[in-house]
Amino acid sequence: MLNRRINGLLLFVLLLTLSWNSWAQNEISNPYSAFGVGLVNRSSNGILDGMGGASYAMQNPYYINFRNPASYAAFDSLSFIADAAASIYVSTLSSGTLRQRNSYARLGYINIGLPVTRHWRSSVGIVPFSSVGYDVAFSSTMENIGEVKYDYSAKGGLYQLYWGNAFKICKGLSIGLNTSYIFGTIYKFNNTSFDGNNFYNSYINDSYLIDGIHLNGGIQYFFNINEKHKIGLGLVYSNTAYIWARENLLINYYQGTFSQVTTYDTVYFNEVVRGNLYIPQSVGGGVSYTFNDKLTVAGDVAWNNWAKYKAFGYGDSLCNSITASLGAQFIPDPNSNKFLKRMNFRLGAKYSTGEIFLRGKPINEFGVTFGVGLPISTFNTHSSINIVFEYGKLGTLTRDLIQQNYFKFTFNFILQERWYQRTKLD
């Protein structure tokens, strides 16, 4: 038993190391991440993402559902859960006749769940909140000046370090709260250059250090219609958060080619400017139906008040958005000893009206998912490897906008072990 636990932990630590490397090299490429705090993370976990991300009315003793903290109440009273995921993206950006293909890897999340008392369960982990990354270059010709070249790029993002707690109120009813510390840095670089040496070129390095507290709570209620039919209801709410922000601005004026400049003619440095980032509220609800522990169908709808977003007192090209998810999971025989009969098969779809509003049009997103869960008997019958394939579209080609077509491959590992049970010797 001890060796099995040690082997499980070693495998989990190895996955964390690989995931951290993916996280550290998180370099997305999407011009829409220039708005607000970047592209907002909508993932749930390696199981629920295979169901389109439907999560508000889902709970299970053997995985961690971060999206609704009330779900932690389902954790087994004698078990420890470790859950981590990493993803690989392959995307194509299109605009008119132009095409650009990109690929990158990133961490999904690292979460741990455990029991505290009979009616109290807890979870701690770190998940991405948003991602920023783009590199846009173009040029124009100005009268009496000539060709002017522009290069805009950025990288970084925000992350959530959370501590969640859930409490069983009565049979089928639970409430929960996630207290999150949001932190991260967003770097933006702007380079403007002119032909010849008659004008000064400029290079702007603008960075934002962001950190603060964010809360989101949830409630779930489950009831049986009869022995085989189970209904779940879920509701979540995230508060309006005022996050601290600090801006560092450095402007360099130079002549010649920027990559070859070692001496700048003029340098402007602005000391740290302090302000606030206003992350607006959101509310969502979901329903689930389970038949005989074999078939589960779930759906979610959420409203996000992004039109109220502000940074340093200024808004952005954002609007309120609605997201919807629908998914299903099928297990041939959950109680079987045969591997194939205990495999999980998942399908899902999701849609968002989009929180970015450009040229009179919201930047919406649509995706379809397929997932499979592979039970691991080496550690415990409830440990698993979950694989998710997702295809989606973000944006549109109309009005000279950009559309992203992407494939996402997610690998998730869940380690569930009984750690709080004493062994008796006869």
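A cavity here is a set of points on a 1 Å grid over the protein atoms alone where a 1.4 Å probe fits but cannot get out, and lining residues have an atom within 4 Å of a point. Grid points are joined across faces, edges and corners, and a volume is the space filled by probe spheres set on the points.

This is a predicted model, in which local features need pLDDT of at least 70, side-chain atom pairs count only at pLDDT 80 or more, and totals for chains, interfaces and linings use all residues. Residues are numbered from 1 along each chain as its sequence is written, and side-chain values use heavy atoms, with hydrogens and water left out.

**View 1. The largest cavity and its lining.** Searching the whole structure turns up three cavities of 30 Å³ or more. The largest cavity holds about 760 Å³ of space. It is lined by 44 residues, and N41, R42, Y56, R67 and N304 are the closest to its centre. Two or more lining residues come from each of strand 4 (120–142), strand 7 (201–224), strand 8, strand 11, strand 12, strand 14, strand 15 and strand 18; strands are DSSP runs of E, at least two residues long, numbered from the N terminus. The lining has 15 nonpolar, 21 polar and eight charged residues, where Ala, Val, Leu, Ile, Met, Phe, Trp, Tyr, Cys and Pro count as nonpolar, Asp, Glu, Lys and Arg as charged, and the others, Gly among them, as polar.

**View 2. The second largest cavity.** Its volume is about 590 Å³. Of 38 lining residues, V40, N41, Y89, R106 and E365 are the closest to the centre of this second largest cavity. Strand 3 gives the most to this lining, with five residues. By class, the second largest cavity is lined by 15 nonpolar, 14 polar and nine charged residues.

**View 3. Strand 11 and its two partners.** Look along strand 11 (residues 282–291) and you will find S282, G284, G286, S288 and T290 on a covered face, with V283, G285, V287, Y289 and F291 on an uncovered one. In a regular strand the side chains alternate between the two faces of the sheet. Strand 8 (residues 229–238) runs antiparallel to strand 11 and is joined to it by ten bridges; two strands pair if DSSP finds at least two bridges between them. Here I231 stands opposite Y289. Strand 12 (residues 295–304) also pairs with strand 11 in the antiparallel sense, over ten bridges, and L295 is the bridge partner of F291. Three residues separate strand 11 and strand 12 in their hairpin, and N292 in the turn has a positive phi of about 55°.

**View 4. Strand 15 between its neighbours.** Strand 15 (residues 344–352) pairs with strand 14 (residues 321–330) over eight antiparallel bridges, with S325 opposite K350. Nine bridges, again antiparallel, pair strand 15 with strand 18 (residues 365–376), and N344 stands opposite G373.

**View 5. Aromatic pairs.** The whole structure has 16 aromatic pairs, counted when ring centres of Phe, Tyr or Trp (its six-membered ring) lie within 6.5 Å, with planes under 30 degrees apart called stacked, over 60 edge-to-face and the rest tilted. Y181 and F183 are stacked, because their ring centres are 5.6 Å apart and their planes meet at 15°. The pair of Y242 and Y278 is edge-to-face, with centres 5.0 Å apart and planes at 75°. Ring pairs also link F138, Y150 and Y152 into a cluster.

Key. Helix = DSSP H or I, 4+ residues; strand = E, 2+ residues; numbered from the N terminus. Buried < 20%, exposed > 50% of the residue type's maximum accessible area, 1.4 Å probe, protein only. 1 Å grid on protein atoms, 1.4 Å probe; cavity = no way out; pocket = protein on both sides within 12 Å on 5 of 7 lines; lining within 4 Å.
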